[in-house]
Amino acid sequence: MTRLLYQQESYLMQFTAKVTCCKMSEKNGRWLVALDSTAFYPEGGGQPADTGTLAQARVLDTQLQDGEVWHLTDQPLQVGTVVQGMVDAERRFDHMQQHSGEHIVSGLLHQLFGLNNVGFHLGADQVTIDLDGPLTADQLEEVERKANQVVFQNLPVRAFWPSSEQYGQLEYRSKKQIDEGLRLVEIPGVDCCACCGVHVVHTGEVGFIKICSAQSYKGGMRLGLVCGGRAVALAMQEHRQVAAISAQLSVKQPQVAQAVCQLAQRENAERERANRIQSLYLRQKAQQYAQKPFVFCTQEGMPGDTVREYVLALREAGCELAVVLGGTRQAPVYALCGEEEKAAAMHDEMKRTLGCRGGGRQGLYQGKLQNWDEACVFLNRYVD
């Protein structure tokens, strides 16, 4: 079995170890290397695997199986040789920041609101936490504020294996029952959680914690958060965006949200005005076909929603049956409206003859057509 150096010293990025096994991977033609000890963290507990190098070989992945850590490498290593391992320190520290920040947030959520972390994933962009209950916007702000206070306090982060005497006396978070090999990660007054991952030594090393998303999920809530370097990158990106919007709207940055709301209100008002004008125009346009038994109109470039509105205006003008063809010649759309029996019969005929794809009921149908010219030839046959 491999001696797990990362469990004793999370900042250990360089080490030497003896190669105990090297075999070809059956899946991808790479090599699987086992060592007598390793500082490479294998994927598990929601945390991704470490990468780096072993001698001249690149370590592409690390997995734990039956107590043995297997390093997936791009070249073989000779059994019995002593090699130097180098963990990708930037990747490892990022994972340590994210994972430790997640412990802080999950501990506070449980402490403040009695919510449990039922799912954790450390992704390439952000950490996701699945909770067994909802949170309000005010509660999310409270958690984020207190989480960063924990960071500022620079509290110790301790990983340890409780003794048999301690085992039954400690309160800790865990998603499943652990009967042996229990390892706890403790932040005094904040959290104690069963965890096999690597963490920072003091909370100040987490940097900055930012909850960046919250959505309902399976009766509870899924949070997205970033910590440390990721949080700084997000803050810089959002600042650039706010600065760009501020310059575009000619307002100061603290006034951007208000200015955008006002702009959206004006846009909505203009859209409503345009819709009223369009509806009036379509009704007036439809009057030229008033009371006709069948009307077929081509309106190239007219979007589907407007095609539907126009055919309803034709029906309102007294047309017994009306078909409007719109969209583009490459992607034609149609709308059909009329007396229920006539409209249903016409739509069935269009489906059989033109292969149109669409549906509807009670005298109103709409959808897509395969060929503009074929539709025109077919429908013009019904025009008086």
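Here are some questions and answers about a predicted model.

Reader: Happy to dig in! Which elements cover the buried residues of α6?
Author: Let's start with the helix itself: α6 spans residues 304-316 and reaches 18 Å from its first C-alpha to its last, close to the 18 Å expected. Its buried residues are Thr 306, Val 307, Tyr 310, Val 311, Ala 313 and Leu 314. What covers these buried residues includes α5 (256-286), β16 (294-298), β17 (321-327), β18 (332-338) and β20 (364-368).

Reader: Why do the buried residues of α6 line one face of the helix?
Author: The residues in question are Thr 306, Val 307, Tyr 310, Val 311, Ala 313 and Leu 314, which are buried in α6. Seen down the axis of α6, the buried residues line one face because they fall within an arc of 155°.

Reader: And which exposed residues does the face of α6 turned away from its buried side carry?
Author: Exposed here takes a relative accessible area over 50%. On the face of α6 turned away from the buried side, the residues that are exposed are Asp 305 and Glu 316.

Reader: What is the phi of Gly 318?
Author: Good one to check on the backbone. Gly 318 follows α6. Its phi is positive, near 105°.

Reader: Is His 347 buried or exposed?
Author: His 347 has its place in helix α7, residues 340-354. Beyond residues up to four places away in sequence, His 347 touches Tyr 334, Leu 336, Cys 356, Gly 358, Gly 359 and Tyr 365. The relative accessible area of His 347 is 3%. The cut-off for buried is under 20%, so His 347 is buried.

Reader: Which element gives the most to the lining of the second largest pocket?
Author: This pocket holds about 260 Å³ of space. Of the 13 residues that line it, the closest to its centre are Ser 25, Glu 26, Lys 27, Leu 32 and Leu 72. Elements giving two or more residues to the lining are β2 (14-24), β6 (57-65) and β7 (68-73). With 4 residues, the one that gives the most is β6.

Reader: How many residues of that lining of the second largest pocket are polar?
Author: The lining divides by residue type into 4 nonpolar and 4 charged residues, plus the polar ones. The number of polar residues is 5.

Reader: Lastly, how far apart are the C-alpha atoms of Leu 60 and Ala 49?
Author: Leu 60 lies in strand β6 and counts as partly exposed, at 29% relative accessibility. Leaving aside neighbours within four places in sequence, Leu 60 is in contact with Arg 30, Thr 51, Leu 72, Thr 73 and Asp 74. Leu 60 and Ala 49 are 11 residues apart along the chain, and their C-alpha atoms are separated by 8.9 Å.

Technical notes. Residues are numbered from 1 along each chain as its sequence is written. This is a predicted model: local features need pLDDT of at least 70, side-chain atom pairs count only at pLDDT 80 or more; totals for chains, interfaces and linings use all residues. Side-chain values use heavy atoms; hydrogens and water are left out. The expected span of a helix is 1.5 Å times one less than its number of residues. Buried means under 20% relative accessible area, exposed over 50%, partly exposed in between (1.4 Å probe, protein chains only). The arc is that of the directions from the helix axis to the C-beta atoms. Contact means heavy atoms within 4.5 Å. On a 1 Å grid over the protein atoms alone, a cavity is a set of points where a 1.4 Å probe fits but cannot get out, and a pocket is an open set with protein on both sides within 12 Å along at least five of seven lines; lining residues have an atom within 4 Å of a point. Grid points are joined across faces, edges and corners, and a volume is the space filled by probe spheres set on the points. Ala, Val, Leu, Ile, Met, Phe, Trp, Tyr, Cys and Pro count as nonpolar, Asp, Glu, Lys and Arg as charged, and the others, Gly among them, as polar.
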